[in-house]
Amino acid sequence: MRKVIVLILAVVLVAAFYELGHRRSGSPKPASSQGNPAPEFSLAGLDGRPLSLADYRGKVVLLDFWATWCVPCRAEIPHFVEFQNKYREQGLQVVGISMDDGLKPVQEFYQQYKMNYPVALGTDKVAESYGGVLGLPVTFLIGRDGRIAAKYIGAAHMPVIEQKIQTLLQAN
């Protein structure tokens with residue numbers, strides 16, 4: 001009986017690795033790849049009003065997929081609040097997409113961390129359009145032209161992000 005279970009697990013693993021390799025090598029670049037247009041979305045913001053990426057066309061957008069329970073997200077958000085304060089007048093707009101299951105913890109977190117930028121509850125569809133958000137945080141920098149300039153998976157090094165923001169703000 002053990003041999004059968006081991007054999008089934010082996011077949012499942014081989015099939016999974018084959019599918020993963022096939023998708024990576026044979027598929028076109030996902031929409032979330034650097035240089036491609038950032039996928040549009042419209043979600044309900046914490047204030048109940050629609051939050052759409054199109055509203056920020058012409059600005060540099062820092063798009064952050066995060067959650068209240070995510071420890072690295074909690075460490076990054078104060079920096080994003082600072083970036084919004086520091087670079088707002090130059091054309092930066094930070095936008096948060098919370099991947100939490102409910103609105104209440106996000107609203108409480110928003111107040112506790114004195115977030116100064118719009119936040120919406122994300123959906124699986126939006127996460128998938130950005131290449132799948134399999135872990136958090138995931139941060140995108142989107143240029144004034146609406147194209148993805150950078151993608152950071154996991155806790156990002158803030159000086160690197162800030163340098164990229166400065167570069168994008170200086171570009172026309």
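A: A search of the whole structure finds eight aromatic pairs, where rings of Phe, Tyr and Trp (its six-membered ring) pair if their centres lie within 6.5 Å, and planes under 30 degrees apart count as stacked, over 60 as edge-to-face and the rest as tilted. One of them joins F41 and Y130 edge-to-face, at 6.5 Å centre to centre with 65° between the planes. F41 sits in the loop between α1 (2-26) and β1 (42-44) and Y130 in the loop between α4 (124-129) and β6 (138-142), so this pair ties together parts that are 89 residues apart in sequence. Helices here are DSSP runs of H or I with at least four residues, and strands are runs of E with at least two, numbered from the N terminus. Both F41 and Y130 are buried, meaning under 20% relative accessible area, with exposed over 50% and partly exposed in between (1.4 Å probe, protein chains only).

F65 and F140 also form an edge-to-face pair, 6.1 Å centre to centre and with 75° between the planes. Because F65 lies in strand β3 (residues 60-66) and F140 in strand β6, the pair ties together parts that are 75 residues apart in sequence. F65 counts as buried at 0% relative accessibility, and F140 counts as buried at 0% relative accessibility. Ring pairs link F41, F65, Y130 and F140 into a cluster.

A word on reading this: the model is predicted, with local features needing pLDDT of at least 70 and side-chain atom pairs counting only at pLDDT 80 or more, while totals for chains, interfaces and linings use all residues. Residues are numbered from 1 along each chain as its sequence is written, and side-chain values use heavy atoms, leaving out hydrogens and water.
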